Amino acid sequence: MIERILAPLHALLAPPIPTCLACGKRMTKAAQGYPEICRACVAQIPWIIRPRCAVCGRSIGCPDCTRPGVAASRHFACNRSAVAYDPLMREWLAQYKYRGREAFTPIFQRMMGQAYKRMASELSGPPHAVSPWHIDAVTYVPLSPSRLRERGFNQAELLAIGAAAAAKAPLIDILERTRDTQKQSSKTRRERLSDMKSAFQLQPHAADVFQQILSRRRTLSKKNEIKILLIDDVYTTGSTLNYCSLALLQACTDLGISAQMYSLTWARS
Amino acid sequence: MRIHVYAIRRSEGWKVDISLDIVTDLTWWSQTGEYNGSRVWLLSEQMPLSLAVGLRDLWMLENRMDHWSAGEWQSGMKIVLSKIWGKASEQLWVGKSPVVIEEGGLIEEGAKRRANREYIPSDIPYLLWSQAQGYTNKGLIMMKKAQDIVRHAEEQLTWNGDEWGGRESESRSKGTKKYEDTMQQEIACRVASLLKGRSLLLSEWMVYMEHHGLEKESNWLAGIQLAYLNGRIDLTASIAPPSRGGLRRRTASSHCRRCGSVAMKATRCASCGSDACTYCEACLAMGRSRSCALLLRGAHRACPADGALAAPSSGGRQDLAPVDADPMGRWGLSPAQREAASAALRFLEEPPSVGGGSWWRRRKERVTPARFLLWAVTGAGKTEMIFPLLSAVLQRGGRALVATPRRDVVLELAPRIAAVFPDTPPVVLYGGSPERWTAGRLVLATTHQLLRFHQSFDLVIIDELDAFPYHNDPMLAFAAEQSCKPQGKFIYLSATPPVQMQLAVRRGALAHVKVPARYHGHPLPVPTRIEIPPLQQCLRHAKLPVVLRKIIEKSTERGAQLFIFVSRIHQIESLVNRLRQVIPPHIRIEGTSSKDERRAEKVLAFRAGEIQILITTTILERGVTVPRSDVIILDADGSLFDEASLVQMAGRAGRSASDPAGQVTFYSPEWTNAQRGAIRQIRRMNRIARRKGYLHELNTSRARL
């Protein structure tokens with residue numbers, strides 16, 4: 001009884017010490033820009049500051065992108081990723097995606113924003129360039145309706161919100177999955193590649209959306225070219241992103257719009 | 001998830017209910033003859049579960065609703081929902097806030113579309129059936145769906161071929177309806193028996209169901225619905241809305257029905273379409289509990305037969321006679337253990353009481369499990385004392401649970417308990433345990449696993465209740481309470497009960513028994529305190545006090561192993577290095593902590609006697625027992641060492657009958673209340689033991705089981 005009266009009083013006098021979202025330890029000082037996680041955890045984030053591979057954004061040498069014939073079948077201009085997919089990041093993503101710990105959302109969104117800015121400054125070339133690189137619209141890799149219902153959220157969509165906010169570009173929802181593919185994480189490379197073809201298509205309202213994007217463009221120079229940024233959580237072989245890009249490009253061609261695809265993922269394995 | 005919600009008028013009045021399979025409900029109500037004078041309104045075909053459950057539980061329906069129109073039902077619903085959730089109900093109702101990206105313009109197309117597409121068109125209530133006109137058009141469409149499902153089921157059976165052949169033709173002659181029902185009843189029975197004593201999220205249920213051979217293809221949703229209509233299971237949303245008491249202000253936040261924690265985190269949810277679907281962060285490791293997640297539980301019905309322990313038959317009364325009666329005989333207990341075990345057994349035999357304590361608690365008439373504390377000193381042989389208790393419960397067909405916060409304790413106890421109860425081998429549950437879904441009458445589990453049980457056990461024994469993570473975690477206490485039947489019994493085991501519990505003991509509010517002596521009948525080693533400078537200072541000057549070195553040498557000379565506890569992990573390594581310089585090299589010194597990857601290996605080596613001196617932190621304060629050992633606690637005045645952990649660490653010494661007089665030394669620059677309290681507690685226990693005559697008796701030959 002007494003406890004019931006005193007408990008709120010105690011809570012008022014000694015507010016609970018926040019704990020780090022990632023490691024669960026008590027935080028004395030929050031890290032700058034990431035108040036939810038402790039400094040030790042922030043220091044461990046394996047940012048990809050300077051990608052080694054100019055195509056896929058990998059931080060280490062990349063045999064896939066230099067393989068002959070690969071460039072011809074790649075439908076996006078290049079990919080960049082926020083972090084390297086090390087065991088710690090794997091654990092974070094598992095917590096987020098499979099356990100459903102959505103408290104990670106704002107952290108991941110901020111990471112995506114940071115990654116977008118880094119990407120933009122890299123692709124713009126030297127500072128104060130005449131026409132800095134920027135994106136016209138942001139979209140994301142969709143989940144199948146059944147998986148979306150089961151999980152309750154699409155991590156790529158939430159990540160895309162972070163990137164779109166940083167890019168000050170509209171976030172558009174125009175892709176859809178035509179059929180349920182198996183979980184990517186449980187497949188071999190070859191299976192992934194063959195499984196993905198024709199798994200994605202555009203939603204019926206895509207044409208309207210493209211028209212709107214064109215009409216809202218700030219720069220009037222190249223009238224009929226748009227740049228679209230595609231977001232996903234992890235870049236492994238790049239096949240998912242590639243097929244999504246293909247679907248988008250085809251749709252744009254059909255509408256007489258020339259489009260360029262870029263991709264940005266949270267992690268690069 | 002989303003769910004059907006309907007309102008039905010029966011002779012006693014209106015009632016709102018939820019349905020996973022509306023056809024089952026219609027069939028059920030028509031067959032149980034409850035349609036009288038009635039109407040059935042379908043309020044929604046796909047309402048977010050949290051709202052649906054809110055309507056079912058909190059809407060006071062009145063007879064004037066007999067004449068309500070669709071519009072009135074709709075606005076009625078909205079009023080109730082906004083009473084429960086306040087303004088948030090709009091957000092829950094349907095995703096209303098599409099994400100707006102800054103650049104003053106284009107909003108996310110998807111969110112708008114989603115809002116239009118999914119929820120609004122279907123939330124206009126319609127009449128399914130009324131006594132005057134029978135099924136309405138929409139009702140007929142609904143029943144048509146029903147018949148499709150029946151036909152579908154039938155096709156499946158025909159397709160199954162031979163084994164169903166006979167029954168199929170029989171069913172044809174009787175008409176399909178009857179056929180479907182018996183099938184469904186069968187599934188419903190299985191559902192109900194599987195869910196008895198369980199509390200599972202739908203996702204957990206799917207795994208559990210398949211583990212027990214109920215296939216995904218079977219019409220298990222209808223089975224669940226039927227079991228629910230029969231009152232054998234409860235269906236609810238996993239997160240409860242903020243409650244409003246009569247005079248009290250409404251509590252600010254929702255809470256998790258599974259783990260009791262406050263659930264703060266609300267996010268947009270694609271499963272139910274709401275913009276603020278709350279989920280529980282506390283029990284996330286056991287699957288995500290959220291507002292729209294279905295929680296399935298066995299319904300608790302006050303059923304005396306399986307509720308309290310059945311009273312012993314006429315002759316059985318003698319079994320309860322205290323010390324020398326037969327039930328104690330086979331366990332080989334020491335006198336101290338014996339007396340405590342019989343006290344606990346007497347507690348088990350007591351009839352369940354209606355809410356002990358003060359009048360206002362009794363007034364609530366809530367039956368809560370009775371509690372009992374078995375306060376046994378370190379090395380008293382707690383495990384042996386619980387054997388007679390488990391045996392008593394199992395013999396009467398009851399269900400018993402031994403839970404402990406620590407997984408290594410579970411793994412250590414399992415073989416010992418299995419050896420004692422060969423007929424009912426314990427089901428061993430912990431994170432990642434292969435027996436996760438096995439059913440059994442004797443369960444050994446980590447406290448987290450209790451979240452999956454609901455009013456299941458007659459006896460719940462919580463071992464090491466003051467250990468991490470159970471201590472100070474209200475979620476685990478809640479889980480433990482939930483797992484016990486309301487008329488069941490709770491027994492806590494501890495050498496160092498938490499302060500509140502000690503106070504309750506002193507007030508006489510908690511039934512308890514103390515086991516003041518170790519099983520070997522020798523007194524507990526009383527710590528001595530020696531004043532030395534702080535360890536940090538000693539390490540910095542690379543100078544270990546002579547007293548410390550001497551006592552280490554004394555221990556190693558008599559062949560004892562030595563625990564050295566320090567309060568900081570970073571001190572371990574430098575202390576190990578320092579000691580290696582002064583201790584002869586044939587003596588192996590190691591250090592370990594929670595950050596050490598080779599911890600398990602080192603602990604094993606220490607147990608095997610290969611390591612003579614182990615330097616560690618409070619992580620090894622309990623559990624590790626070696627026969628001939630001394631204990632040194634450095635910086636015993638450190639804030640991490642409270643009374644309980646000092647007592648536990650001191651309890652590592654003198655565990656075996658062959659070397660009962662271990663040395664325990666507190667080294668510290670200052671006296672603290674914790675050190676004084678620990679020494680006082682140990683002395684008090686020794687005094688009680690001496691007074692009761694438990695010490696120095698000739699029962700040292702009793703081996704531990």
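This report describes selected parts of a predicted model, taking one chain and then several elements of the other.

## Basis of the description

Residues are numbered from 1 along each chain as its sequence is written, while chains are lettered from A and ligands numbered from 1 in the order in which they are written. Because the model is predicted, local features need pLDDT of at least 70 and side-chain atom pairs count only at pLDDT 80 or more, whereas totals for chains, interfaces and linings use all residues.

## Chain A in outline

Chain A holds 10 helices and 8 strands, where helices (H or I, at least four residues) and strands (E, at least two) are DSSP runs, numbered from the N terminus. Of the 269 residues in chain A, 35% are buried; a residue is buried if 20 or more other C-beta atoms lie within 10 Å of its own, exposed if 12 or fewer, and partly exposed in between, with C-beta atoms placed from the backbone. Two residues are in contact if their C-beta atoms, placed from the backbone, lie within 7 Å, and among the contacts in chain A between residues at least 6 apart in sequence, 70% join residues at least 24 apart.

## A parallel sheet in chain B

In chain B, an open sheet of 7 strands runs in the order β16-β17-β15-β18-β19-β14-β20, with parallel pairing. The edges are held by β16 (427-429) and β20 (511-515) of chain B, each with a single partner strand, so one side of each has no neighbour in the sheet. Neighbouring strands of this sheet are turned by 15 degrees against each other on average, direction ignored; axes are lines fitted to C-alpha atoms, for helices over the stretch in contact, and angles run from 0 to 180 degrees between N-to-C directions. Two strands pair if DSSP finds at least two bridges between them, and β14 (residues 370-376) of chain B is joined to β20(B) in the parallel sense over 5 bridges, with Ala511(B) in β20(B) as the bridge partner of Phe372(B).

Two helices lie across strands of this chain. Helix α12 (residues 335-349) of chain B lies across β14, β18, β19 and β20 of chain B, at about 165 degrees to β20(B), and helix α15 (residues 407-420) of chain B lies across β15, β16, β17 and β18 of chain B, at about 160 degrees to β17(B).

## Two packed helices

Helices α1 (residues 22-31) and α10 (residues 220-229) of chain B pack at an angle of about 40 degrees, with their axes 9 Å apart. The two helices, α1(B) and α10(B), are therefore oblique to each other, since angles under 35 degrees count as roughly parallel, over 145 as roughly antiparallel, 65 to 115 as roughly perpendicular and the rest as oblique. On the α1(B) side, Thr24(B), Asp25(B) and Trp28(B) meet Ala222(B), Gln225(B), Leu226(B) and Leu229(B) of α10(B).

## Buried places in chain B

In helix α22 (residues 643-650) of chain B, 8 of the 8 residues are buried, so the helix is largely enclosed by the rest of the structure. The elements covering the buried residues of α22(B) include β22 (561-565), β25 (629-634), β26 (664-668) and α23 (673-692) of chain B.

Met47(B), found in strand β3 (residues 39-48) of chain B, counts as buried because it has 28 C-beta neighbours inside 10 Å. Leaving aside residues up to four places away in sequence, Met47(B) touches Arg2(B), Ile3(B), Val5(B) and Ala52(B), and its C-alpha atom is separated by 6.4 Å from that of His4(B), 43 residues apart along the chain.
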